Amino acid sequence: MAQQHGIIVLFDVENALRTRSLDGNTYWFDNMKFLGSTGEGTGDLVTIVPGTYFLDGSQATEQVLNWLPAALGSIPPTVPRNYLAERERAHDQRTLQQLAALGGEGDAGGAELTRLKQRVGKRPRKQASGRGLTATKLLDVTGSTTNSAAAYNYPAPVITDITGQAVSEKIIYPAQYGSPDMVYDGWYWAATVDTSRPGVYPYTVHVQLHELVEQNDEMVWQSVDLTCESSLKITSDPKRNAFTGGGLGVLPLPAVPPAG
């Protein structure tokens, strides 16, 4: 079975949108630090990819990279995709119940009515067919509605392509795949790796962020396309057993279970 490498790309979306650059606003992590990956938690990650040869020199299986984007200071990607929709529905229900309770209070309910309107959150001012129109309320990182332009939860970053030297030299073969994973909405980028050519190979990740802007008296999500760089290092070390540190084979279990 191919070894799976997970690569998390954490984006500081707010700063990236402000500077229109991912330089200094991207933090990389992978699950291969114990085998030699460097630059964990920085923008200079080099992912180690051990060779796919057994100790006897025979060819082993390929290895696979999986990229998982996330936004810094945002709702964690570990919650289901419908989390925001569920929170919006809960806020609507509570607001309707409180509006119903205001019935018959006359002018005394004016202040409370204003507060409830603010609680509903920011919405588009009118319906239109423009692309990217905000169809939902703004939520902060706790899932509560907000009117603050500085505290709302940004949509998850979207990887749109992977290019660069590692791709052009056919070291990796990236593509977008679907799965029933509820966390990432079933879509993710992955690539198989040709580990027969040791070396360091940079690659470029194309990312689409979204910012909320007012346009023609409407609030719309405007896409911003940016890129960031990383590298993978392929070694000629053979595959080894993570339990024993030696070659692949039978684990050193005792022949007879201990008494008692």
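Start by selecting strands E1 and E2: they run antiparallel and are joined by 5 bridges. Strands here are DSSP runs of type E with at least two residues, helices are H or I runs of at least four, and both are numbered from the N terminus; two strands pair if DSSP finds at least two bridges between them. Zoom in on Ile8, which stands opposite Phe29 in E2.

Before moving on, a word about what you are looking at. This is a predicted model, where local features need pLDDT of at least 70 and side-chain atom pairs count only at pLDDT 80 or more, while totals for chains, interfaces and linings use all residues. Residues are numbered from 1 along each chain as its sequence is written, and side-chain values use heavy atoms, leaving out hydrogens and water.

Stay with E2 and colour residues 26-30. Thr26, Trp28 and Asp30 form its covered face, whereas Tyr27 and Phe29 lie on the uncovered one. In a regular strand, side chains alternate between the two faces of the sheet.

Next, select E4. This strand pairs with E1 in the parallel sense over 9 bridges, and Pro69 in E4 is the bridge partner of Val9. With 8 of its 9 residues buried, E4 is mostly covered (buried means under 20% relative accessible area, exposed over 50%, partly exposed in between, with a 1.4 Å probe and protein chains only). E4 also pairs with E7, this time in the antiparallel sense over 5 bridges; there, look for Trp67 opposite Trp189.

Now show the side chain of Trp67. Beyond its neighbours within four places in sequence, its contacts (heavy atoms within 4.5 Å) include Ile7, Val9, Trp28, Ile172 and Tyr203.

From here, display the largest nonpolar core, a set of 36 residues in which Trp28, Trp67, Ile172, Tyr203 and Leu232 have the most contacts. Such a core consists of buried Ala, Val, Leu, Ile, Met, Phe, Trp, Tyr and Cys residues joined through side-chain atoms within 4.5 Å. Among the elements giving two or more residues to this core are E1, helix H1 (13-19), E8 (199-215) and E9 (218-234).

For the last stop, select helix H2, residues 83-101. Which residues of H2 are buried? They are Glu88, His91 and Thr95. These residues sit on the same side of H2 because they cover an arc of only 65° around the axis, judged by the directions from the helix axis to the C-beta atoms.
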